[in-house]
Structures are given as C-alpha cells and as structure tokens.
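Hi,

Here is the structure I promised to pass on.

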Amino acid sequence: MRIRVGSTDWIFLDLLFVIVVCSIDVVGSVDKNKKRSQLLELLLNTAKTGDQDVKNTPPNYNSETATDIEVMLYVDSIDSINEANMDFTLSVLLHLQWKDTRLVSFNIGPSFGNLTFLEFDSQSIQRIWVPDIFFPNEKKASFHDVMMANQMMRLYRDGLILYISRLSMTLSCPMNLRYYPFDKQSCSVQIMSFGYAEDKLNLKWMNSSNSEPVVVNDIVELPQFEVTGSEANRCRKKYHQSTGVHSCLQANFFLARNIGYYVVQMYIPSILIVMLSWISFWLTVNSVPGRISLGVLTVLTMTTQSSGVNASLPRVSYTKAIDVWMSTCLVFVFAALLEFAIVNVLSRKETLSGFTIRNVFSIPRDLEKGDQLKEQSSPLDGGGTPRDSYSTKRPGKRGIVYAMYLDVASRIGFPVAFILFIMVYWLYYINVE
C-alpha cells in the first residue's frame, strides 16, 4: 500500500521542521542564560561557605606572598584647573585587575563550559573583596551612580578579576607660578592602599600591548591649558613608623598654558595704555590740565589692571612673569607723569645756570619782593590801565627751551626703551624651560 504525499503535505512538514528548530534554539538560549546565572550564584555561595573570607580579605592574606593589583587609569575628562586653590578636577575610569583563585578552586572550573568570563552586577560586587584603594592627594571625590552604580566586574576562568569603576575627583596640584602665564604645570594622581602595606598588597601598573597604563581621552580640551603628555610612575609613602611602607602609584599629567587669552586681555591693553601716556609728550608745555589728567588717568588704569590680574591668583611670595610686565608698564606711565613735572619746573626757570635740586624747593626772589604780584595786578585793583600793568618787560626764559628739548627726547626715548623691554621680556619667557 502506497501513501501519496501531495504538495500541501510537504509545505506542512517544512513548517513543522522550522518550528521545531526554533524551539530548540530558544530552549538552548534559556538554558545558557540559566547556566550563567546559576554558575554565578554557585560561585558566590561556595566561596561564602568555604574556609576563607572572600569578602573581607585579600586572596593571599594567609600566605607570605603579596597580592599583586594591576592598575590602569583612563582619564575621561579634565573639567577644571584652579590656580587660586591649586587643584584640578577630573573624571576617570579606574581599572583594577588581580587574581583570586578562591572563587574557582572548588572543582567547578569545568562548569564554565564555553564561557570566557562571568559578569557581576553591582549587588554581587559587594560580596567580593575589592582592593581598599584611596588617593592621598584627593580633596573630594564621588562615585557615579546614575542610573545605577557605574561599576563593573568580570571573573575569568583562571580566577582573574577585572574591576572598573567611574569616579570624579578634585585633587591638589602644587603649582609654580614664577613664569605665569608662560608656565608649564605637572599635576598628578596618587593611588595607594589604605590598610595594607606592600608586603600584603602590591600595586603596579597594568602591562598591556594595546594601551598605556595611563590614557587621556583624545577629546579632552581645556580653555587655558593643553595636555602635552602623561606618564606612569611609582611612589613610596610611609605615614607612620608602625604602619610600614605602602605601595603607591603616581600618574603625572603635563600641562602647558595657552597664552592667547592673556595676550588679548592683558598684554595688548597694557601696551595701549603705555602708548596713551606718550601723548603727553606731544602736548605743549603750557597744557598743564591736559597733561596732568592724562598722566594720572594712565597710572590709575595700570594700577587697576594689575590688581585685576592678581585677583584670580594665589598670594605667593615670589615675583611672577606677569608681575614683571605690569610693574614695568606702571613704571613707564609713572615716568611719563614725572617727565611732565620736570618739564613744568624747567619751563618756569629763566636760566639753568646754577640750577640745582636745592633751587627746586626755593621761592623766586621776585615773588618775595612782590614785583611779580605787581606785574600781574588787574585794572579792577586801581593799579592803572591794563597797558600799565604789563609795561614791565619780562626777560626771555631759556628754561622753556630746555623743557621742549626734554619733550622731544622723550618722544624718542620712551618708545625705544619700551620696545627693547618687550623684546627682552618675550624672548626670555618664551624660551625659558
């Protein structure tokens, strides 16, 4: 007896085969996920009931061998650098890697199957020992917990644990501002174990062929600084005689200040103020109100600008490069005001013969005898007609000629001296290391 199968029956068999295959894949996927979660719970429960405390002590706590902690620092952003407080704020991803064979030493290593590693959630991480890392030069720090705690942990087949945490820190950064704003600063992040000396816990930088132990994000951009490089170093610290020497790592970040802002906001305005004071040399000797107003105005402006520059800087006891510039500019504008005082004194002298500093503080004899007062009397006083009041001819004053010569010399000498100062100043501070 033969059974004939039509085309409709073949289509039905094909659909049935597809449904069976898909069901097998779904069941396998469910079993795989179930196996991963069950294996994680089995590891944690077995480790908890063992004879070693996997939550509170390092892996080699009961042996003479120190536990090696490999560290990698990824700088995600550098938010600010504050010269007044001498600190800087950055956001980092801290990578810690160590081996804890206590989690895979219970004959369950083969249970991993084809799995390379197991992921731990934020709750499971609390059931595993994590190195007691702290930052000695930290002022304040915080973990990121939006929306969940930004922490990750992976357990590999051989007991290797990789722990990554994201945190933001404000750390102290002692700065040398002698060459400000041409300065180059070096800020560091120090990493250290708080409770274990180096004979129990040893920190070392992570050796990887793919990346350096200290990595700075390429998109990091600061308004006043440029990150020129970074390096990973070691440091040793001893807080107290009885605590021993603690293992310490230090990541240095090299920063170079951009002077574009200071050129526009400080150097160019101060140059213009000094040049403004030179207008006094082109006014006549008798323009007393204009020259005095111009001189006093430039001196007060330079003083105000110098105070504004130092307002955002710490009160250090040494001289900064910007102090040299502002002080010299103040000297130039003050010298222009002083030059007018000398010109005014010279213009009121009839002759320079026997002219000394002593004569500057003396009263002319004609004023003592009253001749000058008589010469300047007005008709309202009843002293005669205006023609009679100026009938006495005054001798020519040679002092005003010398005053004019001094103005001409200042028109050339002041700009030349200031240009020489600018050249020496910029050549020295740009090339200084």
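Predicted model: local features only at pLDDT ≥ 70, side-chain atom pairs only at ≥ 80, totals over all residues.

Let me start with the helix pair. H3 (residues 260-277) packs against H5 (residues 321-347) at an angle of about 15°, so the two are roughly parallel to each other. Their axes lie 9 Å apart, and the crossing is left-handed. On the H3 side, the contact is made by Met266, Tyr267, Ser270, Ile271, Ile273, Val274 and Ser277. H5 brings Ile322, Trp325, Met326, Cys329, Phe332, Val333 and Ala336 to it. Sorted by type, the residues of this contact come out as 12 nonpolar, two polar and no charged.

Next, the salt bridges: the count comes to eight. One to look up is aspartate 68 with lysine 204, whose side chains meet at 4.0 Å, N to O. That pair links distant parts of the chain, with aspartate 68 in strand S1 (residues 67-82) and lysine 204 in strand S9 (residues 201-205), 136 residues apart.

The average pLDDT for the chain is 78, and 72% of the residues score at least 70. Over residues 18-34 the pLDDT is below 50, and that stretch has one contact beyond near neighbours in sequence. Residues 370-396 also stay under 50, though here the model has 14 contacts beyond four places in sequence.

Cheers

Technical notes:
Residues numbered from 1 in each chain as written. Heavy atoms only, no water. Axes fitted to C-alpha atoms, helices over the stretch in contact; angles between N-to-C directions. Helix = DSSP H or I, 4+ residues; strand = E, 2+ residues; numbered from the N terminus. Parallel < 35°, antiparallel > 145°, perpendicular 65-115°, else oblique. Left-handed = near helix turned anticlockwise from the far one by under 90°. Contact = heavy atoms within 4.5 Å. Nonpolar A, V, L, I, M, F, W, Y, C, P; charged D, E, K, R; others polar. pLDDT = per-residue confidence, 0-100.
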